[in-house]
Amino acid sequence: MEKFDLQDVEKAFERIKPYLRTTPVVESLFLNSNEREYFYKLESLQPVRSFKIRGALNKILSLTSLEKKKGVVTISSGNHGIATAYASQLLGIEKVEVIVPIGTPNNKIEKIKQFGGQVKQIGKNYDEAHTQGMKYVEKSGMNYIDSYYSDPLIYSGQGTIALELIQQLPLVDTIVIPIGGGSLITGIAVAAKSINPAIRIIGVQTAACPAMIKSIEERKFYEEYPTRDSICESLVGGIGKLSYEMLPSYVDELIAVDETDIAAAVTFMARKEKIIAEPGSCTTIAAIRKYGEKIGGKTVVAIISGGNIDEQLFYNLLAENKE
């Protein structure tokens, strides 16, 4: 399987930079201690409100004119679909199809449509949507925009976050990153460790779906993974093949956090830090609040990967968590 390295991430950065904003790194108002400073890298402020635009743009910019005319298709839990539709609209691609699981939050479906994507709802969860959706993709004749499985262009695009972050905060020594399929943490880890091997990479999953943790512990590739009910719809399901092959060489620690702690982290970010972040992003905050000593570091950055939280879920979490 083709892999990627720092040079690929640097090429991706040059390719996508004209189309994206540099997302801010802001200091936490409430997590800092005498031992540690905490910062947030706010990918939730990208035009599509998630980091996914980086990989999607890098891939779509690599397509030929003929390929662009054929259109693009993807399978997504939401954010990657939004990013694919937005990038396609930006680059003048007219035919865009996005396959999502039944039950995908309405706000994500609306955004996909807003940017010109046609939505197909297939399967009761992400793994089912992916399995059934790939059969459709193979027949479609369109260009498949991988979300996390094995495309080095997607991984390299996500890794550009590390280049930005190290420019903005050269003293960073620990990066805490949510894990779904694994393209985000793998992209960041490869780039960050290549620049400074001393930077520690901490990955966080919901305990409702610890697919990466179990894959690495058991040395078994979980392409699909059974999931309990979770508010982190963007993190559930199996992991990417490329991530499974590359991440173990780069990650320093993997942590699972409970759904109750994630819910409390969402409301902490909104009420205290005044930052709207979706539950998948807030796994990092839940981990820092509960396992700060284990994570360690002196200058610690949590990647806030997305802000596309379902409105009703957000209201419910605020009502249930009064801290």
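Trainee: How far apart are the end C-alpha atoms of helix 4, and what should its 12 residues span?

Mentor: This is a predicted model, and in it the end C-alpha atoms of helix 4 (residues 79-90) are 16 Å apart. At 1.5 Å a residue the 12 residues should span 16 Å, so the two values agree.

Trainee: OK, and how many residues of helix 4 are buried?

Mentor: The count is 10 of the 12, so helix 4 is largely enclosed by the rest of the structure. Among the buried residues are Asn 79, His 80, Gly 81, Tyr 86 and Ser 88.

Trainee: What covers those buried residues of helix 4?

Mentor: The cover includes helix 2, helix 5 (106-114) and helix 7, together with strand 3 (72-75) and strand 4 (96-100).

Trainee: And which residue with a positive phi follows helix 4?

Mentor: That is Gly 92, and its phi is near 80°.

Trainee: Changing topic, how many salt bridges are there?

Mentor: The count comes to 13 salt bridges. As background, side chains of opposite charge can pair when their charged atoms come close.

Trainee: Which residue meets Glu 43 in a salt bridge, and at what N to O distance?

Mentor: The side chain of Glu 43 meets that of Arg 54, at 2.8 Å from N to O. Glu 43 lies in the loop between strand 2 (37-42) and helix 2 (52-61), while Arg 54 is in helix 2, so the pair ties together parts that are 11 residues apart in sequence.

Trainee: Are Glu 43 and Arg 54 buried or exposed?

Mentor: Glu 43 is buried, and Arg 54 is buried as well.

Trainee: What about Lys 294, which residue does it meet in a salt bridge?

Mentor: Lys 294 meets Glu 253, at 3.8 Å from N to O. Lys 294 belongs to helix 12 (residues 279-295) and Glu 253 to strand 9 (residues 253-257), and they are 41 residues apart. Lys 294 counts as partly exposed at 44% relative accessibility, and Glu 253 also counts as partly exposed, at 24%.

Definitions and conventions. Residues are numbered from 1 along each chain as its sequence is written. This is a predicted model: local features need pLDDT of at least 70, side-chain atom pairs count only at pLDDT 80 or more; totals for chains, interfaces and linings use all residues. Side-chain values use heavy atoms; hydrogens and water are left out. A salt bridge is a side-chain nitrogen of Lys or Arg within 4 Å of a carboxyl oxygen of Asp or Glu. Helices (H or I, at least four residues) and strands (E, at least two) are DSSP runs, numbered from the N terminus. Buried means under 20% relative accessible area, exposed over 50%, partly exposed in between (1.4 Å probe, protein chains only). The expected span of a helix is 1.5 Å times one less than its number of residues. Contact means heavy atoms within 4.5 Å.
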